[in-house]
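Visitor: Hi! Could you put the model up, and then walk me through its pockets and helix packing?

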Amino acid sequence: MIEARHLRVLRAVAATGSFSAAARELGCTQPAVSQQMKALEASAGTPLLVRTGREMRLTQAGEALVRHASGILAGLTAAEEEVAAIAGLRAGRVRLVSFPSGSSALVPTALAALRAAHPGTRVSLVEAEPPRSVEMLREGDCDVALAFRYGAGPAAGPDAWDDLVVRPLLADRLVGLVPEGHRLAGAESVTIGELAEDPWIAGCPRCRRQLVDVCERAGFTPRIDFATDDYPAVVGLVGAGLGVAFLPELAIESVRPRGAVTVRVEPAVEREIVALTLPDLAQVPAVAATLDELTRAANRGAGRGAGRAVTPVG
């Protein structure tokens with residue numbers, strides 16, 4: 001019989017390429033990893049790894065087992081969490097991954113409310129931008145992923161969420177950010193073309209692609225002088241007069257834009273913010289409660305002006 005702990009070890013070995021690296025990732029010893037792999041191969045009745053010097057590579061059987069491991073482990077996690085939920089969520093656990101501006105603007109409110117309602121439910125948080133966060137969900141490394149996508153253009157990327165449960169949260173509008181002394185600082189609204197001659201400060205890679213796409217549709221290519229994944233750094237650079245930026249409202253909400261002001265950009269560009277989970281995990285009460293609290297936090301944020309809440313359909 002194949003055991004879940006053996007599958008976790010196999011997946012770690014496949015991801016890291018060696019027993020020693022897998023042992024470090026799993027927090028155990030190399031001999032323990034070796035023993036569990038031998039037990040798994042005995043259960044499978046066929047070799048799963050080929051050892052060539054210091055490297056490991058999967059056999060065809062090993063590749064098949066790794067391919068099925070994420071789904072098996074996700075289903076097992078769903079079963080374990082549902083059993084815990086029947087006992088009153090005393091042992092509930094939710095692993096959440098979020099992009100940085102979601103972590104600062106939505107997650108704290110949601111998790112505080114979740115802890116108040118279910119003090120026995122433990123939530124862990126790590127940060128990752130999509131599409132990596134979505135990959136982590138499918139690989140079984142988290143239970144809920146906070147993600148975003150743009151509505152059109154190259155930055156939107158392929159729609160690869162069809163196999164997931166999608167909880168819409170916010171329509172997060174992008175706004176211009178200019179230095180206080182900028183010629184357009186007092187404008188009620190501007191077009192992106194009015195900023196064509198300015199140097200730009202670009203944000204995360206997907207936001208950067210979206211900026212280039214929007215500008216090129218307006219007839220120019222932006223001159224990007226600085227690029228950083230750190231939104232406070234973007235705001236600081238704009239505040240210092242080094243350029244202009246095009247940022248989501250949610251990213252600006254948690255940053256005090258000293259020396260910079262926001263301007264409304266027309267036509268509107270929005271990114272869709274959602275919470276994602278696997279169908280099996282959506283039935284787990286602790287995961288469902290987390291999704292509900294993220295939705296409430298998004299609604300409260302929309303009330304403060306941070307994006308527009310999205311009402312789920314169906």
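Guide: Happy to, starting with residue classes: Ala, Val, Leu, Ile, Met, Phe, Trp, Tyr, Cys and Pro count as nonpolar, Asp, Glu, Lys and Arg as charged, and the others, Gly among them, as polar. This is a predicted model, in which local features need pLDDT of at least 70 and side-chain atom pairs pLDDT 80 or more, while totals for chains, interfaces and linings use all residues. Residues are numbered from 1 along each chain as its sequence is written, and side-chain values use heavy atoms, leaving out hydrogens and water.

Visitor: Thanks. What volume does the largest pocket have?

Guide: The largest pocket has a volume of about 400 Å³. On a 1 Å grid over the protein atoms alone, a pocket is an open set of points with protein on both sides within 12 Å along at least five of seven lines, a cavity is a set where a 1.4 Å probe fits but cannot get out, and lining residues have an atom within 4 Å of a point. Points are joined across faces, edges and corners, and the volume is the space filled by probe spheres set on them.

Visitor: And which residues lie nearest the centre of that pocket?

Guide: Arg11, Leu73, Glu139, Gly140 and Asp141, out of 19 residues that line the largest pocket. By class, that lining has eight nonpolar, three polar and eight charged residues.

Visitor: Which helices and strands each supply at least two residues of that lining?

Guide: Helix H1 (4–16), helix H2 (19–26), helix H4 (60–86) and strand E3 (93–98) each do. Helices (H or I, at least four residues) and strands (E, at least two) are DSSP runs, numbered from the N terminus.

Visitor: How many cavities of 30 Å³ or more are there?

Guide: The count comes to one, and the largest cavity has a volume of about 40 Å³. Its lining consists of Ile201, Ala202, Gly203, Cys207, Arg208, Leu211, Ala245, Phe246 and Leu247, which divide into seven nonpolar, one polar and one charged.

Visitor: Which residues of H1 and H2 meet?

Guide: Arg8, Val9, Ala12, Val13 and Thr16 of H1 meet Phe19, Ala21, Ala22, Glu25 and Leu26 of H2, where contact means heavy atoms within 4.5 Å. Seven residues of this H1–H2 contact are nonpolar, one is polar and two are charged.

Visitor: How about H1 and H3?

Guide: The axes of H1 and helix H3 (residues 30–44) come within 9 Å and cross at roughly 115 degrees. That makes H1 roughly perpendicular to H3. On the H1 side the contact uses Arg5, His6, Val9, Leu10 and Val13, and on the H3 side Val33, Gln36, Met37, Ala39 and Leu40. The H1–H3 contact has seven nonpolar, two polar and one charged residues.

Visitor: And how do H2 and H3 pack?

Guide: H2 and H3 have axes 8 Å apart and an angle of about 105 degrees. That makes H2 roughly perpendicular to H3. Phe19, Ser20, Ala22 and Ala23 in H2 touch Gln30, Val33, Ser34 and Met37 in H3; the classes here are five nonpolar, three polar and no charged residues.

Visitor: New topic: which peptide bonds are cis?

Guide: One is from proline 130 to proline 131, with omega near 10 degrees; proline 131 sits in the loop between strand E4 (122–127) and helix H7 (132–138). Another runs from glutamate 266 to proline 267, with omega near -5 degrees, and proline 267 is in the loop between strand E11 (260–266) and strand E12 (270–277).

Conventions. Axes fitted to C-alpha atoms, helices over the stretch in contact; angles between N-to-C directions. Parallel < 35°, antiparallel > 145°, perpendicular 65-115°, else oblique.
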